[in-house]
Structures are given as C-alpha cells and as structure tokens.
Amino acid sequence: MTLRRVNVIILVLLAVAFLILVQRNLLNLGDFLHKENPDAGMILPFESELSPDLRSDSVRKGEEIPVLITATEDRLGAVVAAINSVYENSKANVVFTIVTLNDTVDHLKVWLSETKLKTVKYNIVVFKPELLSGKISKDPKTPETVKPLTFARYYLPAYIPEAEKAIYLDDDIIVQGDIQELYETNLKPGHAAAFSDDCNSASAKGIVRGAGNQNNYIGFLDFKKAAIKKLGMKPNTCSFNPGVIITNLTEWKNQNITQQLEHWMELNAQEDLYSKTLAESITTPPLLIVFYKHHSNIDPMWHVRHLGNTGAGNRYSTQFIRAAKLLHWNGHYKPWGRASSYSDVWDKWFIPDPTGKFHPVRRHAEE
Ligand SMILES: *[C@@H]1O[C@H](CO)[C@@H](O)[C@H](O)[C@H]1NC(C)=O
Ligand SMILES: *[C@@H]1O[C@H](CO)[C@@H](O)[C@H](O)[C@H]1NC(C)=O
Ligand SMILES: *[C@@H]1O[C@H](CO)[C@@H](O)[C@H](O)[C@H]1NC(C)=O
C-alpha cells in the first residue's frame, strides 16, 4: 500500500520535473531562434542589425509579435511616438523591424538607445532605393519618387523572413490598445492580409464628408484604362486603407504578392493607371488591385483615421478618440505639425530627440 503511494508521488514529481524541463527548453529555443535567425542565410536586398543585447530582466518573453514600421529622417519623431505607444500599452513580446534609409540609422539609434525606449527590441533594416528603380515613375510631381520608404510594405516577407504573421503600421499612428489584440485579428483561410475598409466605420463618415470621393475604387484607379477594365472590378467597390496591415506571410509568399504589387507599380509607371484625383499615397492602388475582394477585415476601432484631414479629423468626440484602439493622422495635417487636431494625444507619446534635431513644429513656434 505505502509502496504504491510512494510510487505515485515519485511519478508525479517526475512529471513535474519533465514539464519544467520542456518549458525551459522551449524558452531557450525561442531565444536561440531569435538570436540566430537574423544572421542566417541573409540573401536580402538590405542591411540589417539587431538592437544591442538587452539586460535579461527587462526582456519580454512569450510569442513574438513582429511589427514593421518605417522611419523617415524628417519625421523621425513620428516613429518614436508610435513605437512608444505600442510598447507602453502592451506587455507582449513586441519586436519592431524599423525600415529606414542609410543616412537615418545613426540618428535613430541614438534616439532609441538614449531614451526610455532602450528596452525595446528592434531590428533596423536599411531600405535600398535602387530596389524601385525602373518600377516607379520619374515624374517629379509624384512625391513618392522621393519617398521610397512608403513602398516598404510591399516587401514584408523579405524584411521579416522568420515570421508567419506580422503587423505593418504607418508612422503617423498612435496605438492606445494592446497590440496583442490587433495581432490576434483572424485572417480567413487563403487571405494574405487584413485591412480596414473605408465604408462601414465611424472613420468612413469622416472621409465621405471631409476628403472627397475616396472611399471606393474609382477614387484610386482610372477605370478608362484598358489594363484596369480587363480586371472586371466594380468601380464602386469599397476601398481600404493600407496604413495598418495584418499579414499572413506564408500566404503572401505563396501568392507572390510582392511580385504582383511590383507588376502594377511598373505598369503604372508606363501607362498612368491611377485616378487623376488620387489624394492618398500612390502605394495604395496596387494594393487595391491585388487584394480586390480577397482580404480580411480589421476591427474599425483598430484603425480610426482621417485625423489629418481638414474637417473630418476634428469631428470625433473626445470619448470616441479615447475609446479608439489606434489613431491614424492620415491626410495633410500631422500631429507634429502646426495645425493638427488631437495633437495633445500624440504629445503624450512623443519622446524628445536627444540630438535636438527634431522638434514638433507647433511647440517650436510657441517657445
Ligand atoms: C551608410 O552610412 C555610413 C555612415 O553612416 C557610411 O559609412 C556608409 O558608406 C553608408 N553606406 C552607403 C551604402 O551609403
Ligand atoms: C497562414 O497561411 C497558411 C497557409 O494557408 C496557413 O497554414 C496558416 O495557418 C496561416 N497562419 C495564420 C497565423 O493564419
Ligand atoms: C509564384 O512564382 C513562382 C515562381 O516564379 C511560380 O512558380 C508560381 O506559380 C507563382 N505562384 C502564383 C500563385 O502566382
């Protein structure tokens, strides 16, 4: 009798010890993969470097949530505020991939390492603008020819090769919810991405009244052009905003999404397929074509937008702005500029530049 009881106790103890071992090994394996992967088999069109080794007590464990964001020198304060808001509002193991140009790397590193952001995990990758040569129009009136980083979202699997699921965020956003929740957005089988639709959300009402006819495909694409006609898309289809994207990178790769986007980018450079009234970024139309009726949806509260549009942006109530999980200042007026709405919300997340190069304009003016 007692012998049997002792056996049971020993068995239970062994099981517990086994479980502890397994968990340890899984955690170690996770660390191992994280450290090893960025150096393994680099055949990528950019340079990459990891944040310096972090003190272990500040390192977040658990499933990694990869977030890709771009950093442009003249609005580096934006990416810093966005990263701060994501990080502070979540306990998740967020790993940022920051895509930038070579000349910005040093400035960015100082800002990340000499402020409270020094515990954030990040990976800086340098975008090679040559990647786009011949694919975008040289027309000087399209400002994107000098904003190559807006195309970084076309290359998501190249920048985060080890991830299956990832988030892309524009830099002119502030996250107020737990990014884990956004990450858990369900993508339907066969879908490579989820976006926020321009029609059935509170944001949509702002766009219709404030920013013209830009909530359907005809606002973005020239339906008189043969290449567009051939696709048989309905011009009044609701568009979406690609400032926040959840992706299944396995599907993205399987469906050759990057190549498809490059194809439409190149074709536009030759045939001018985009709407003459296009007010949003020229990176949007290829995404609208490639993901036509083939994408999942993001909860509207996770992409409350048009805060940078005249009229539209200041219609939201204070309660609504407070309840929003993610705020997006798309449009002309940025929260670090002079005349933006809700810049007080953005200010809460901004971290002053240790080099003193970047100042929010309006503050500068007030001083
Ligand atoms: C990138 O910048 C560093 C200095 O910050 C410079 O030494 C290097 O030559 C640059 N590389 C390219 C490809 O421009
Ligand atoms: C991504 O897509 C692949 C291929 O369809 C699928 O097996 C996988 O479960 C998807 N992953 C997620 C996180 O949705
Ligand atoms: C993607 O590209 C590969 C290689 O170019 C090709 O074999 C494959 O059929 C393409 N897949 C799709 C869905 O277009």
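Predicted model: local features only at pLDDT ≥ 70, side-chain atom pairs only at ≥ 80, totals over all residues.
Why does V79 count as buried? I looked it up: V79 has 26 other C-beta atoms within 10 Å, so it is buried (20 or more means buried, 12 or fewer exposed, in between partly exposed, with C-beta atoms placed from the backbone).

Residues are numbered from 1 along each chain as its sequence is written, and chains are lettered from A and ligands numbered from 1 in the order in which they are written.

**V79, continued.** I find V79 in helix α2, residues 76-88 (helices are DSSP runs of H or I, at least four residues, and strands runs of E, at least two, numbered from the N terminus). Leaving aside neighbours within four places in sequence, I get I69, A71, I98 and D171 as contacts of V79 (contact: C-beta atoms, placed from the backbone, within 7 Å). I also checked V79 against D172: they sit 93 residues apart along the chain, yet their C-alpha atoms are separated by 7.3 Å.

**Whole chain.** I count 13 helices and ten strands. Of the 367 residues, 39% are buried. Among contacts between residues at least 6 apart in sequence, 78% join residues at least 24 apart.

**Strand β5.** This one covers residues 165-169, and four of its five residues are buried. I see β5 paired with β2 (residues 64-71) in the parallel sense over three bridges, with V67 bridged to I167. With β8 (residues 240-248), β5 pairs in the antiparallel sense over five bridges, and there L169 has V244 as its bridge partner. Pairing here takes at least two DSSP bridges between the strands.

**Ligand 2.** Around it I list E164, K165, L187, N248, T250 and E251 (near: C-beta atom, placed from the backbone, within 6 Å). By class, that shell has one nonpolar, two polar and three charged residues (nonpolar: Ala, Val, Leu, Ile, Met, Phe, Trp, Tyr, Cys, Pro; charged: Asp, Glu, Lys, Arg; polar: the others, Gly among them).

**Helix α9.** Which residues of α9 are buried? I get I257, L261, W264, M265 and N268. Seen down the axis of α9, they fall within an arc of 100°, so they line one face of the helix (arc of the directions from the helix axis to the C-beta atoms). They pack against α8 (249-254) and α10 (284-290). On the other side of α9, Q259 and Q270 are exposed. Next after α9 comes D272, with a positive phi near 55°.

Notes
Contact = placed C-beta atoms within 7 Å.
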